[in-house]
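Colleague: I have not seen this structure before. Could you take me through it in questions and answers?

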Amino acid sequence: MLRGVNAIETRELRKEYRGRAVVDGLSLTVGEGEVFGFLGPNGAGKSTTVKMLLGLVLPSGGEARVLGGSPADPAVRAQLGFLPEQFRFQTWMTGEEFLNFHGRLAGMPAGELRRRIPEVLEEVGLGGRGRESLGGYSKGMLQRCGLAGAILARPRLVFLDEPTSALDPIGRVEVREIIERLRAQGVAVFLNSHLLSEVEQVCDRVAFVKAGRVLEQGTMRELMGGVIPVEIRMDTLSPALHAALARLGEVRHTDSNTPGRTDVELWLQEEAAVPAVAQAVFESGARLYALTPRRPDLETMFLELIEAPGDGAPAQAQPAREVVRG
Ligand SMILES: Nc1ncnc2c1ncn2[C@@H]1O[C@H](COP(=O)(O)OP(=O)(O)OP(=O)(O)O)[C@@H](O)[C@H]1O
């Protein structure tokens with residue numbers, strides 16, 4: 001078994017379709033046992049990247065190493081699990097038959113499959129439902145069954161493409177728990193999801209892609225540069241208070257559209273500055289209704305990066321609302 005290598009490493013990976021680059025010099029690293037969020041708008045090249053990493057699509061250029069080897073190597077592929085976004089299930093099979101079929105394709109011995117299938121069905125919340133035909137499964141049950149298929153052969157790296165799109169909130173929490181269990185077992189997870197709050201809760205690191213290139217990658221803290229966004233709600237914002245807030249941090253947005261109410265988003269460098277914000281509001285004579293430090297969230301980062309103009313290079317925030325720069 002390969003040890004001490006990254007789960008995924010790509011350098012200047014490229015895929016062209018009819019002369020058009022849909023993955024255009026993509027470089028990223030996913031550590032062993034890391035849960036990695038791969039984020040980007042529709043058409044950014046995420047699925048194409050995943051297909052190259054699985055050895056299903058041949059790159060037009062660059063390099064990709066998966067578990068220290070080539071994605072084209074069957075010994076590497078045998079250690080990968082994959083839940084595609086749109087999966088065609090054989091509706092006439094039962095859940096157990098489906099898993100048995102996939103396990104045999106993965107080269108698992110019959111005896112091991114007999115033990116493992118009830119175990120994974122239990123793990124994905126389908127315990128006792130394996131004898132029912134897939135044609136009678138709900139969308140959420142099918143997605144759980146696909147997930148069972150992805151982890152059946154105890155992979156070292158699992159690709160999950162929108163694994164919770166068909167699930168209710170309870171199902172989503174359960175999938176998060178499954179991902180956390182995989183991490184605890186040292187399995188790396190490459191997660192494509194549009195549900196940013198979900199990615200935020202489970203991923204160690206994330207990469208943002210746009211037009212086939214990685215704009216940023218890192219931990220949440222690295223990506224936000226240690227910034228603490230604070231929401232302030234008060235009755236009015238005088239020019240003097242605006243200037244005072246701008247001395248304490250960066251005034252990102254102000255919204256005075258509702259009469260008698262002004263919302264400000266201020267980015268501070270440290271939590272210790274929060275009391276000074278309250279003090280500044282108080283000294284200006286404004287009435288303070290809320291002062292809420294927020295965790296940096298992926299949605300804010302995503303919108304900033306993805307909506308940035310030009311060639312996709314990280315840039316200043318775009319005006320989601322009325323913006324006043326500090
Ligand atoms: N086989 C193909 N032939 C031609 N163009 C393709 C092919 N596969 C993908 N593309 C194009 O490549 C671009 C990237 O597609 P891809 O599916 O990788 O994006 P994505 O980031 O996964 O999008 P989404 O979030 O919508 O699933 C799209 O413009 C798509 O039309």
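**Helix α6 and its surroundings**

Modeller: This is a predicted model. In it, the buried residues of α6 pack against β3 (35–39), α4 (110–123), α5 (139–151), β6 (157–161), β7 (188–192) and α7.

Colleague: Which residues of α6 are buried, and which face of the helix do they line?

Modeller: Seen down the axis of α6, the buried residues fall within an arc of 100°, so they line one face of the helix. On the other side of α6, Pro169, Ile170, Arg181 and Ala184 are exposed. The buried residues of α6 are Val175, Ile178, Ile179 and Leu182.

Colleague: How far apart are the end C-alpha atoms of helix α6?

Modeller: Helix α6 covers residues 169–184, which is 16 residues. At 1.5 Å a residue the helix should span 22 Å, and the distance between its end C-alpha atoms agrees with that, at 23 Å.

Colleague: Which helix gives the largest share of the shell around the ligand?

Modeller: The residues around the ligand are Tyr17, Val22, Gly40, Asn42, Gly43, Ala44, Gly45, Lys46, Ser47 and Thr48. By class, this shell has three nonpolar, six polar and one charged residues. The largest share, three residues, comes from a helix spanning residues 46–53, namely α1.

Colleague: How is the protein chain divided, and how many Å separate the centres of the domains?

Modeller: The protein chain is divided into domain 1 (8–218) and domain 2 (227–306). Taken over C-alpha atoms, the separation of the centres of domain 1 and domain 2 is 40 Å.

Colleague: Which elements give two or more residues to the side of domain 1 that touches domain 2?

Modeller: Ten residues of domain 1 are in contact with six residues of domain 2. On the side of domain 1 that touches domain 2, the residues divide into seven nonpolar, no polar and three charged. The elements that give two or more residues to that side are α7 (196–202), β8 (205–210) and β9 (213–218).

Colleague: What percentage of the residues in the protein chain is buried?

Modeller: The protein chain has eleven helices and 13 strands, and its C-alpha trace spans about 75 × 45 × 35 Å along its principal axes. Among contacts between residues at least 6 apart in sequence, 69% join residues at least 24 apart. Of the 326 residues in the chain, the buried share is 37%.

Definitions and conventions. Residues numbered from 1 in each chain as written. Predicted model: local features only at pLDDT ≥ 70, side-chain atom pairs only at ≥ 80, totals over all residues. Helix = DSSP H or I, 4+ residues; strand = E, 2+ residues; numbered from the N terminus. Buried ≥ 20, exposed ≤ 12 C-beta atoms within 10 Å, placed from the backbone. Contact = placed C-beta atoms within 7 Å. Near = placed C-beta within 6 Å. Nonpolar A, V, L, I, M, F, W, Y, C, P; charged D, E, K, R; others polar. Domains from an automatic or database assignment. Expected span 1.5 Å × (residues − 1). Arc of directions from axis to C-beta.
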